[in-house]
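Hello,

Here is the structure I said I would pass on. My notes on it follow below.

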Amino acid sequence: MEDQIERALAEIRFGPDGLVPAIAQQHDTGEILMMAWMNRDAIRASLTEGRAYYWSRSRAKLWRKGETSGQVQFLRELRLDCDGDTVLLLVDQHGVACHSGRRNCFFRAWRDGGWAVIAEPQILPEILYTDRVD
């Protein structure tokens, strides 16, 4: 399996910072959940464990989606775009995907000359982010 993962990584065109954009999409509905960044270690861990890992630019560290919130993404499939510079994760999202407590991160729409909030939080962020680690 390790050799297969290394071959997969060799096909991905990471940026100068070692990162590649990653889009998470709900596997059965097509709903776009979020956009994040992945490095080699995040992709390797995601493929090995079957759970979505990302690279946190703000914290400069690897993070497993749901490690503090409990809102887990199970990886169903990893896809690579035609240029090899963006990955698509088809996931099974358990709970909300956005740190704001919303189902997805795309809850603002440009309407009538301004940003309109089109989805309210399903859970308050202060409930999501306690000292919990799963």
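**Notes on the model**

Y54 sits across from W63, a residue of strand β4. Please keep in mind that this is a predicted model. The two strands involved are β3, residues 53-56, and β4, residues 61-64, which pair in the antiparallel sense through four bridges. Together β3 and β4 form a hairpin with four residues between the strands, and A60 in this hairpin has a positive phi near 55°.

Helix α2 covers residues 40-49, and A42, I43, A45 and S46 of this helix are buried. These residues lie on the same side of α2, because the arc they cover around the axis is only 165°.

N39 caps the N-terminal end, with a side-chain oxygen 3.2 Å from the backbone nitrogen of D41. After α2 comes G50, which has a positive phi, near 80°.

I32, M35 and F106 make a nonpolar patch of about 270 Å². I32 belongs to strand β2, residues 32-38. Why does I32 count as partly exposed? Its relative accessible area is 38%, and partly exposed means between the 20% limit for buried and the 50% limit for exposed. The patch itself takes residues with over 30% relative accessible area, a cut-off that I32 passes at 38%.

Regards

Note on methods:
Residues numbered from 1 in each chain as written. Predicted model: local features only at pLDDT ≥ 70, side-chain atom pairs only at ≥ 80, totals over all residues. Heavy atoms only, no water. Pairing = 2+ DSSP bridges. Patch = residues over 30% accessible without salt bridge, like charges linked within 9 Å, V, L, I, M, F, W, Y side chains within 5 Å. Areas by Shrake-Rupley, 256 points an atom, 1.4 Å probe, with all protein chains shown as cover. Salt bridge = Lys/Arg side-chain N within 4 Å of Asp/Glu carboxyl O. Buried < 20%, exposed > 50% of the residue type's maximum accessible area, 1.4 Å probe, protein only. Arc of directions from axis to C-beta. Polar contact = N/O pair within 3.5 Å; in protein donor to acceptor, adjacent residues only side chain to side chain.
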